Amino acid sequence: MVGREPAEKQASTEYPAPEAVDPPAALLFGTVVLTNEPGWGLLMERGQETGGALILDVLPDSPAHKLGLKPGDVISWIDGEELKNHEQLLVAFRGSKSGEHTMRVKRVDGSTETIEAKLVPPASDFSLVSYLETRASTQPDPIVRFLLAEQLEDHDRAIELIRGLIGEHPQLAEGHALLARRLLTKLQAEAGEETILDPSSSDLEEVTRAIDTAVRLDPRAPSIYRARAQINLTMGQAEKAEEDARAALGMDDSSAETHYLLGTARLALGNAQDSLASLHSAVELDPYVVDYYASLALCYRQLGRDADATTTVEAAKAIVTDPEIRRRLDDLVSRPAA
């Protein structure tokens, strides 16, 4: 199943609480993918500029590798449905019962091929970070360094890596956006997760400069606007976050993350009814992200729909096993409504 397009909703629609889905399938295809944004053409050969999931790397000895997929290929269609972004591909994989998929791939050379893919259980000892570390130590591939900077838990090392990358490739918008996100994550960890960072702080000057540079370099990339929306939310600037999320939605209305960011911004602004529409769409489009359910439950609570909030939390618990996450979900419906 590819993420469903949200149905047209009238003002009187109830937006019922989501039904529980099966836990996501833990299967491996073997590609590292990103939305097919224009800016990545700086670092790789590109085929046709189309929507879909752009392959940045292919893991060795994986099904994707055995099918001959290469960095720069774009998966544009899966199981009869066109892909607009990488989120939809991941939803299809996570919702897989058999692990078998039919995909259409646009190759780097411009040709198109339909392939039959069979996902497999991942190796128990495989570590993406270790794989990327080995790759980065043996070849100065900028994409590998970018991917490693995304995955590292060490904020300082990740920031050092991405600064080096954009020093070599200053026009890479996604690099500036990643720098902003990693800098902000570090500041948030130092301040405490519940702390709203002061946007006027000198510590945030580089964050703001980096994300604004990313938007200037690639104003057509919805992923950049999503990144800035998340940054603005972290800094308590919900109005700016809503503006960025709306801009991203205008470029790709099938992104669950964009609907989630728009809904979260509206919830922070006290606009629970409009927030409900956006958050409901996020869960419909990607029913495997716990944060989407959590925000939707909070929205139901604000609207006085406690029964729907409880049902939403139960649906979220169906896709996770981590006891701490499940405890936090229960806390959403046990504490007094704000």
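Guide: Happy to! Let's start at Leu56, which, leaving aside its neighbours within four places in sequence, is in contact (heavy atoms within 4.5 Å) with Val32, Leu34, Trp40, Met44, Pro71, Ile143 and Leu147. A word on the source: this is a predicted model, where local features need pLDDT of at least 70 and side-chain atom pairs count only at pLDDT 80 or more, while totals for chains, interfaces and linings use all residues. Residues are numbered from 1 along each chain as its sequence is written, and side-chain values use heavy atoms, with hydrogens and water left out.

Leu56 also belongs to the largest nonpolar core, which has 47 residues; Leu56, Trp40 and Val207 touch the most other members. Such a core is a set of buried Ala, Val, Leu, Ile, Met, Phe, Trp, Tyr and Cys residues joined through side-chain atoms within 4.5 Å, and buried means under 20% relative accessible area with a 1.4 Å probe, protein chains only. Among the elements giving two or more residues to this core are β1 (31–35), β2 (53–58), α4 (142–151) and α7 (205–217). The most comes from α6, with 8 residues. Apart from this core lies another, of 34 residues, including Leu285 and Ala309.

Stepping back, buried residues make up 50% of the 338 in the protein chain. The chain holds 14 helices and 6 strands, these being DSSP runs (H or I, at least four residues; E, at least two) numbered from the N terminus. Its C-alpha trace spans about 55 × 50 × 40 Å along the principal axes.
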